[in-house]
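Welcome to this short tour, and please have your viewer ready. We will go from one selection to the next and see what is there.

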Amino acid sequence: MTTSDTDGDTEEPPARAPQAPADRRPWLTGATALALVVAMVGAVLAAFVTPLGDHLMKALLDEPTCPGEACEGKNPQNQGCGEDARTFKPGINNPALLQVRRSEDCKAAWARIERGNPGDLVTVQVAGGAKRTAEIEYGDDQFTTMVAVPDGDFRITACAIPKAGGQSTYETYCVHATEASAWR
């Protein structure tokens, strides 16, 4: 019912047409998905930097996948052999800062040169066993892959060999380590 403007009454508002339902978005919007991914990545990272994460990583890495002969030629860092490694490093007359590292869990050893130049070589060999060699490609340090070390008596020889005509001023330098050496 409408009335005229003269009476002071106003018209009733017209009836509204039915509206379409509100645009419903799925609960997993871009922002929600991003927040979920960030939360999951954060939880995983937190697990690896907490004592529990350290324990889990050690459990994964402390059980070497390559004890003994199976470690031959493998990278000690990738196998978790550095976790229990002990070092023999003569402190006097060691121009290349050559060291021998040995892991009892992995039953393996490797050599590392800390003060060399590109082209210099580092070698490691267990008496009666395999020999491994690595070359410094850039920087001043490098380590070899591993050689198996038998239980009981052993003799490991590691050498730093400067590149002929290279920048290193030392001559070939070797160290020998046994089970009785001063491992730290």
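Start by selecting Cys-81 and Cys-106: they form a disulfide, with their sulfur atoms 2.0 Å apart. (A disulfide here is a pair of cysteine sulfur atoms within 2.5 Å.) Cys-81 sits in the loop between helix 3 (76–79) and strand 1 (86–88), and Cys-106 in the loop between strand 2 and strand 3, so this pair ties together parts that are 25 residues apart in sequence. Helices (H or I, at least four residues) and strands (E, at least two) are DSSP runs, numbered from the N terminus.

A word on what you are looking at: this is a predicted model, in which local features need pLDDT of at least 70 and side-chain atom pairs count only at pLDDT 80 or more, while totals for chains, interfaces and linings use all residues. Residues are numbered from 1 along each chain as its sequence is written, and side-chain values use heavy atoms, with hydrogens and water left out.

Stay with the pair for a moment. The torsion about the S-S bond of Cys-81 and Cys-106 is about -95 degrees, so this disulfide is left-handed. Cys-81 is buried at 0% relative accessibility, and Cys-106 is buried at 1%. (Buried means under 20% relative accessible area, exposed over 50%, and partly exposed in between, with a 1.4 Å probe and protein chains only.)

Now select Lys-107, in the loop between strand 2 (98–103) and strand 3 (108–113). Is Lys-107 buried or partly exposed? At 34% relative accessibility, Lys-107 is partly exposed. Show its neighbours next: leaving aside residues up to four places away in sequence, Lys-107 touches Gly-68, Val-147, Ala-148, Val-149 and Asp-151. (Contact means heavy atoms within 4.5 Å.) The side chains of Lys-107 and Asp-151 are joined by a polar contact of 3.5 Å. (That is a pair of N or O atoms within 3.5 Å; within protein, one must be able to donate a hydrogen and the other to accept it, and residues adjacent in sequence count only if both atoms are side-chain atoms.)

From Lys-107, go to Cys-66: their C-alpha atoms are 8.7 Å apart, although 41 residues separate them along the chain. Cys-66 is bonded to Cys-71, S to S 2.2 Å, and a torsion of about 80 degrees makes this disulfide right-handed.

Finally, select Cys-159 and Cys-174, another disulfide, S to S 2.0 Å. Cys-159 lies in strand 8 (residues 155–161) and Cys-174 in strand 9 (residues 173–178). Cys-159 is buried at 11%, whereas Cys-174 is partly exposed at 33%. You have now visited the three disulfides of the structure.
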